[in-house]
Amino acid sequence: MKRNKLWLALLLTLVVAVVSACGGSQTPAPDTASGTDTGGEPKNGGSIIIAVQEDPRVMNPVYAGDRVTLTINQSLFAPLYHIDNGEKKFVLAESLTPSEDSLTYTLKLRQGLKWHDGQPLTADDVVFTMNSILDEKQHSSDRATYVFNGKPLTAKKVDDLTVEFVLPQQSASFEGVLANFKPIPKHVFEGEADLEKSAKNDHPIGSGPFKFKEYRAGEYVTLERFDDYFAGKAYLDSVTYRVAKDSNSANLALQNGELQMRMIDSVDYAKLDNTGKFNLVTYPEGRLIYMVFNQNVDVMKKKEVRQAIAYALNKEEMITAAFGSTEFAEPAASILTPDTLYQTTDVATYDYNVEKAKELLQQAGVSNLKLRLAYVNSNKPQTSKALYIQQQLKEVGIDVELMALDIAAFGNMSLDMNNTSYDISFGGYIMGYEPDAYKSLYMSDAAYNYAHYKNPDFDALWNQAAVEMDKTKRGELYKKIQQTVADEMTVYPIAYGKAIVAVDKRYGGLEEAVPKPVVMFEDLSKIYMK
């Protein structure tokens, strides 16, 4: 125990030294954007450069799953509607009406919608997009959310502005998952054999407030204002997403004015705040920060080993080591985040217990275990967590090899369904209000099931919960799902994190743009130069 405390003290000393060298102590952040200097008279024109960690994987919303692609697509492609605090806020659509039996949903589009090439956006595009998602040959990870107990919905055009979605059975999840739907243009993609690999994605035609201008791999993506956007022209002439993999270099670029917006790490808060140059917009991100056990590897298939590792870690110490304080992250118990419907904390917990960890390893018949822990080398919190875990697991006789990887290499490796390159890894996700969206992370054949945990009974729970109309029964199903993951310890929830976005004070309209999980801001068309 003394050794653990000494290690934590040394790691905290390092964090404090970094913060102190930046000119002050850690400053607790507010939960909203209130208090930031977002006023000033708006003007038309100007540009903004936003830092992102890597290149977009594919600029097509049918395949967007990573933070960078989602962030860029937020400006390129408009959704049918958003759901904020359980309420729909319509964008391309003006209404979504269920039938009395809740088997048919009638979607009405706004009049006069246009794609960036000037072509009309109509019901044909919505139907084409949905059919593309449902086409198994197009391997979209969104497909599972529109399949109910093995049967897909159907999308039918009624007229140019009206679509009917016909469900094979009632589903409580449908309206929630449809909020993630962004149409793609039929006239561009019709006839393409593989939408994900289509060259058309290199010059995307969208429907959002900004349209594509230029992309240089490894450098930047530039968008320019779309003057025919239905909700009115954006203030800014252009938005550039610049690839900035190194956190320290990106922070210097912020201070030098080369970048004007960036999501920052908590350990950098004080340094940037003390410059007086930035509004630091901080808000609960609805993000789970977690560790996952790769069950493609034989030793990770043993539940006792996974549980032993959980008992060997002190979650609060790890959070403090990674984030400097619990102001920016709170301990997590469930795989669902606090903003998600039916989230519960009534699950198995693994309070720090070295003796219990050793006992479980003995039960598993494991000794002198050597594990490989993969993480992103440019991610400061992940680096701190990796060092902490390496030291902690020594206490129970587990040697940990640290695999610090470039973000692109890490992403490609984790998406390999047969990956055995590492045993444990870090990750994070933001899935929003509707719990059925989490299915893409936990179903046996899901592309983002990084644990590679396969259990038909568990899959059946997800499918049943998606269609259960009784709220009480549905809540019980999602509680069982959360309890199953905790009992099986396929994923180790670490923390629910807060987002911190640094924005140059020369820009206003931040509250109107609405701070948004994953993508920083919901609508960049509202941001302006003062």
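In this predicted model, D406 caps the N-terminal end of helix α12. A side-chain oxygen of D406 lies 2.9 Å from the backbone nitrogen of A408.

Helix α12 spans residues 407-414, and its buried residues are I407, F410, G411 and S414. Viewed down the axis of α12, these buried residues fall within an arc of 100 degrees, so they line one face of the helix. An α-helix has 3.6 residues a turn, so residues three or four places apart point the same way. The packing partners of the buried residues of α12 are the strands β16, β17 and β18, with the residue ranges listed here.

| Element packed against by α12 | Residues |
|---|---|
| β16 | 369-376 |
| β17 | 398-405 |
| β18 | 424-430 |

Elsewhere in the chain order, a separate sheet can be described. Four strands form an open sheet in the order β4-β5-β9-β8, and the pairing is antiparallel. Its edge strands are β4 (93-98) and β8 (154-159), each of which pairs on one side only. From one strand to the next, the twist averages 20 degrees.

Within this sheet, β8 and β9 (residues 162-166) run antiparallel and are joined by five bridges. K157 stands opposite V163 in β9.

Which strands does helix α3 lie across? Helix α3, residues 123-134, lies across β5 (104-109), β8 and β9. The helix α3 runs at about 170 degrees to β8.

Definitions and conventions
Residues numbered from 1 in each chain as written. Predicted model: local features only at pLDDT ≥ 70, side-chain atom pairs only at ≥ 80, totals over all residues. Heavy atoms only, no water. Buried < 20%, exposed > 50% of the residue type's maximum accessible area, 1.4 Å probe, protein only. Helix = DSSP H or I, 4+ residues; strand = E, 2+ residues; numbered from the N terminus. Arc of directions from axis to C-beta. Contact = heavy atoms within 4.5 Å. Polar contact = N/O pair within 3.5 Å; in protein donor to acceptor, adjacent residues only side chain to side chain. Pairing = 2+ DSSP bridges. Axes fitted to C-alpha atoms, helices over the stretch in contact; angles between N-to-C directions.
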